[in-house]
Amino acid sequence: MGETKRLVKLDHIQKTFNQNKVLKGVSLEINQSEVISIIGGNGAGKSTLMKILTGVYKADEGSIEINGDKLTNYNPSIAHDKGIYLVPQEPLLFPNMTIEQNLTIGFHKKKQEVREAAKKLIEQLGWNFDLSRYAISLSIAEQQQVEIIKGLLRDSKVLILDEPTSSLTFAETESLFKLIEQLKNAGVGIIYITHRLDEVFQISTHAVILRDGKVTLKGKINEFTKEMLIQGLLPMDSEKDGSHSYEKCSVDRMKEEKILRVQDLCGDGFKNISFDVFKGEVVGVAGLLGAGRTEIAEAIYGITQVKSGKVILNGKDITHFRVKETIESGIAYIPEDRFLNGIFSISSISSNMTAQVIKKQKYFIDKQFEKKITDEYVSRLSIKIGSQDDEIRSLSGGNQQKVVIARILSMNPQLIIMDEPTRGIDAAARSDIYNIITQLKEQGYSILLISSDLEEIERISDRIYVIYRGTCNVCLDLEEINATNVMRAAFGTYKGSENYV
Amino acid sequence: MLKKIPKWNLVLFLILIAEMIIFGLMNPRFWNINVLLNSFNDFIGIAIIAFFVTFVIITGGIDISGGAIIGLTSVVVGILSQVAGLNIWVAVFLAIVVGGLCGLLNGILIAYAKVQAMVITLGGMLLYSGVALVLVGVSGASTYEGISGFSQGFINLANGKLFGIPHSVFIFFALLLFAYILLHRTRYGRYIYLTGINQNSAEYSGIDTRKIITSTYVLSGLSAGVAGVILTSYLGSARADFGAEYLMPILTAVVLGGTLITGGKGGVIGTALASIIVGFLKLGLQMGGIQTQYIGLATGLLLIISVAFLGVPEFKSNVKRLVTIKKDRGGKLNA
Amino acid sequence: MSRLISLAKHREIRTVIFLILLFLIVGIVNPDFVTVANIENAVKNSLLYIVLAAGITFVLLTGEIDISVGGILGLSAAVSGMFLRDGGSIFLAILIAIVIGGVIGLINGLGVTKLRISSFIMTLGMLEIARVVQVIYTNGKWVENLPKTFKEISQSSILGINTLGVIVIIAVILIHFFLVNSRKGRYFAAIGDNQDGAVLIGIPVKRYKVFAFVISGICAAVAGLIFASQIGFISTTAGIGIEMTVIAAAVLGGVSLSGGIGSVIGASVGAIIMSSINSALVFLKVPAFWNSAISGLLLILIVVADVLIVRRANKKANKERLNARVLNYQEGA
């Protein structure tokens, strides 16, 4: 082998959003013919790092070197010229263009050539595409495939794949891996972002573990074992303080009352879902991304429609209630995407907190009442704020989430559905939120916790229902809860559910 | 940021004072309180609509049909009272209801059918002013002279004075107070803001955002109806083209008043101050001997400059917001 | 799914069908409406709108809006009209108009991209300013006595067809191919379709937005020249309110105000519809005062129907996507 050329060098990259330090000095190098897997949990800073590498964000500190040139004034257009291409996790296609137009746009080459190249590539991959379909009609997986083809067509020197397999089928994944192998042999540097450890060993030459904005582990893949990678992903012992103090209890289901009963619920994205939640219990809802957990929660809450089945809260049928009515009858929901569905970013902290509770008042707004409520919850949930009148976007993610929790607590609900409550939140705030959940449980609230974070759901749930492809066949009791069982059930291979695979 | 709005109001207030000093120096007659109070008649229609267009813009929408509704309600008052022979106050009431119905149509199509506000109110603008022309045409009234012959009682509605102060000043402040309380002191007003800042979050919080959005267009339509009645009374005749030139000044008042065109932030006090500023600007330039046509230059510049000025500091935080939204959305799409 | 695709594909075709239906129905009531002379007349009357609509389509595709076209039309017509009246050459007059349109478009574009002013507000302000400058420049007087040679431009014909009409139609077709087929032409729609995606593939978004405004400004100036040549004089109110008609025409022709969707041909057909309604009413012996009400109603009906159809298809697609994930999912289960 000749000398491998260094393609990219990132040096001590730092980046802060809204006082939230996402990257705390990350260095990374990639050479020709390397496949570097970047592994990290939610909010570890992977996506941000990649957006800096592609010029979409500017780093606050640190330098970027490509092909040995140190670059200032870096932007996406330069990144393209230098052959760096990101296949985004969230496909950024042009919905009102055909696949072919999506593939050919922005190319300096002749359309005819590009089309031929695209066809060849698709054939090579063994994928099946009608190039004249409009992007708006593609499934997420298909969109992702188009994005990958887009990147490959560009003869990229460095190809970044951001969790490309998250919505691909097994066969599609296999063909992608073959392709990665080919590209590697052709000298392309590949950065592969993933959650899946098996894939790491299958395709990469190097692994980098990112946790809380720092690189905790870096090196050649053959120096690592899976166990070592997991160690690198886990929080340090010092950060782990009190992590196991969450008291779990198996509620005596003969004695306690059923708060929520879901019977044979069907809707878009799920079918025949049945489960119960008892008083003072934390029930986890586990499953892979896209398994249908959020869809179930939104149907219960009244955002989307239920096709058939029943939702019963305290003996009362609330199946076809609208949001307003489910809130009144005692269900609260903390949405998965805080920015999109949770907060009112340019409104004050206090009006964010009282957005629901003001309903209990007559026509006029009572500022004193708002202040009282805000003060109460700021101290109860120890929310760190400057002034109540500050905009909520000035807070850190964890404190924003606490404001959302305060908002629903002020309505005094009986059942709280939390959908990924700790996504994008730093470690300290995360353990605060776990404490809040445990306290709420002790106070007799029932909690339905939807989470993709294995550690989280394992640690704080009393019982776990696992959703697999829109169905719910597994319920893990307290003594059965462990990472392996949850994982197996999420992949549809838990005992008794094998026949569904 | 809530502190920032009163700050902008203060700036507006200072502009108003500066304006009065400058125009007064150019022509001391400007300092005559009666001249100033009488000038309210000239911009009352703009101000009234602008108060409620502020509501619409805070929800993240826009309403450009107000001017057309003025013409329509003016014609409705004229035809119902002068051609159909109805009691003038019944006609006034019905005309305002018509304004509200126009707003309701806008609102339903925007909130429930989810068509862009700009498209619907543009269509509405053509439709309502078109209906006004049709009504004039069908009733056989002269398009150019309009319908006149209103009773003195009705004429007095806008032209009358109470304690030597024109009625329009009272109407201005009464509606301002109403709009202020509604927007800044009630739960309904809070819902308007929340809906404008993040309609999704508002939905998840159990707010019926579609109803809220529709209601703002109804209010805007009603206010245009009121403005149409007042304008008819003030000028003593009903014409279909009344209000045709109001689009620009209404939006100037709202935007100069500090309301974000993208929604979620703003207030009626700012709109009120801005409409007085624009109104006095017109008066002052006229009294300073500057031709009426030139005034558009001043308002046009004022509009662009104020938005640029308000927009630049906003810009940075907007970018920040976008960036953070994107960051979290990255995960969302997998779900 | 395929229905949605064919729908999106045939947006323009639906508009054309509508136009043909309009002519057929009116033609049944009054056969004089579908004579060659009248159809040519309809195109001639709509030239102005076609040019404006084609220009504004660039801006609308990028997801912005341009309200200032009426003002640009009036100002450029007045300035080059005065130049012509005072004996200037036609070539220079055209150049002057184009420069005026281009400069105002440039200011609009820079205001929108650099100062981050909402394009609606920016161009609304520009509209007002352009009008006032026109009044100042002309001293509030009408521009009359334009040279005969200039007026004849709009009357001349090639092979019995109006010359300007031929030029405009050819130009629209060329622009259409530019926007649909050329690499850079497609950037405009791409920006409005998905701005983040456009940034990602390295499209200079801001620059193309400025281009769009400049093109729209130049088209408005050209429309001003056509206006001056057709009418023969320029009043101080020339082009008042025309921007709303033009936007309505573009929307009618399937151009989306949220950007990314639409074509100049569609917009042009929309423009012909808008201006034909007027003459159709005459042929139907309906008083002209119905014009605006009918246009408004039509616009609302068509746009609402369009939105509802597309939304329904999207909802269905979303449902299918969700249900495809469900294990052993069966339709109707």
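A residue counts as buried if 20 or more other C-beta atoms, placed from the backbone, lie within 10 Å of its own, as exposed if 12 or fewer do, and as partly exposed in between. By that rule, buried residues make up 50% of the 501 residues in chain A. This is a predicted model: local features need pLDDT of at least 70, side-chain atom pairs count only at pLDDT 80 or more, and totals for chains, interfaces and linings use all residues. Residues are numbered from 1 along each chain as its sequence is written, while chains are lettered from A and ligands numbered from 1 in the order written.

Chain A holds 17 helices and 20 strands. These are DSSP runs numbered from the N terminus: helices are H or I with at least four residues, strands E with at least two. Two residues are in contact if their C-beta atoms, placed from the backbone, lie within 7 Å. Of the contacts in chain A with a separation of 6 or more, 69% join residues 24 or more positions apart.

Now the sheet. Six strands of chain A form an open sheet with mixed pairing, in the order 16-17-18-13-19-20. Strands pair if DSSP finds at least two bridges between them. Strand 16 (331-334) and strand 20 (471-476) of chain A are the edges. Strand 19 (residues 463-468) of chain A runs antiparallel to strand 20 of chain A over five bridges. There, Ile467(A) stands opposite Cys472(A).

Last, chains B and C. Their contact takes 37 residues from chain B and 39 residues from chain C. Helix 5 of chain B gives the largest share of chain B's side, 15 residues.
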